[in-house]
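I opened a new notebook page for this one. Below are my entries, in the order I looked things up.

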Amino acid sequence: MEKLKEILSKVRFVYRRTSNITKIIVAVAVVLCMTTLIALHLSTDALKERTEDLRQKAGMLEEENRELEEKIDELGSVKSVVEIAEEELGLVQPNAVVIQTEPN
């Protein structure tokens with residue numbers, strides 16, 4: 001214990017005051033860090049909004065894709081061929097009676 005007291009008595013703790021330049025540098029670094037954090041937060045919010053918009057668009061496109069696939073499947077059926085022939089091409093069934101009215 002005596003030895004420890006002797007060693008501690010020889011040790012001098014030196015406290016240096018920090019200079020004003022160091023304080024300014026630390027303050028600027030803190031301000032830059034805060035600005036960077038705010039900018040990152042804003043860009044993260046913008047990316048979240050964009051992601052949500054893209055998810056909604058993807059959902060709509062998937063629904064449209066399903067509808068188009070159903071249409072493609074139906075196009076090969078006899079019923080759809082008859083509908084296209086009658087509606088788009090103006091064709092009629094062989095036994096059908098066509099009454100045509102003249103436009104006024």
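**Entry 1**

I began with Glu86, which counts as partly exposed because its relative accessible area is 38%. (For the record, buried means under 20% relative accessible area, exposed means over 50%, and partly exposed is in between, with a 1.4 Å probe and protein chains only.) Glu86 is in helix H3. Helices here are DSSP runs of H or I with at least four residues, strands are runs of E with at least two, and both are numbered from the N terminus.

A note on what I'm looking at: this is a predicted model, where local features need pLDDT of at least 70, side-chain atom pairs count only at pLDDT 80 or more, and totals for chains, interfaces and linings use all residues. Residues are numbered from 1 along each chain as its sequence is written, and side-chain values use heavy atoms, with hydrogens and water left out.

Which residues form the negative surface patch? I listed Glu64, Glu67, Glu69, Glu70, Asp73, Glu74, Glu83, Glu86, Glu87 and Glu88. Helix H2 (20-75) and helix H3 (78-87) are the elements that give two or more residues to this patch. H2 gives the most, with 6 residues. I wrote down the patch rule too: members have over 30% relative accessible area and no salt bridge, like charges are joined within 9 Å, and nonpolar side chains (Val, Leu, Ile, Met, Phe, Trp, Tyr) within 5 Å.

**Entry 2: a nonpolar patch**

Next I looked up Met1, Leu4 and Leu8, which make a nonpolar surface patch of about 360 Å². Areas like that come from the Shrake-Rupley method with a 1.4 Å probe, and for residues only the protein chains shown count as cover. Leu4 sits in helix H1 (residues 2-10) and is partly exposed, at 46% relative accessibility.

**Entry 3: the salt bridge**

How many salt bridges does the structure hold? I found 1. The rule asks for a side-chain nitrogen of Lys or Arg within 4 Å of a carboxyl oxygen of Asp or Glu. Here the side chains of Arg66 and Glu63 meet at 2.9 Å, N to O. They are about one helical turn apart, because 3 residues separate them in helix H2. Arg66 is partly exposed at 43%, and Glu63 is partly exposed at 37%.

**Entry 4: the whole chain**

I zoomed out and found 3 helices and 0 strands, with the pattern α-α-α along the sequence. The C-alpha atoms fill a box of roughly 125 × 40 × 10 Å along the principal axes. The radius of gyration is 41 Å, while a compact globule of 104 residues would have one near 13 Å. (That radius is taken over C-alpha atoms, and the globule rule is 2.2 Å times the number of residues to the power 0.38.) Buried residues make up 2% of the 104 residues. The accessible surface is about 10800 Å², and 61% of that belongs to carbon and sulfur atoms.

**Entry 5: distances**

I picked Ala27 in helix H2, which is partly exposed at 42%. Asn65 and Ile99 are 34 residues apart in sequence and 39 Å apart in space, C-alpha to C-alpha.

Key: Lys, Arg positive; Asp, Glu negative; His and termini not counted. Charge placed at Lys NZ, Arg CZ, Asp CG, Glu CD.
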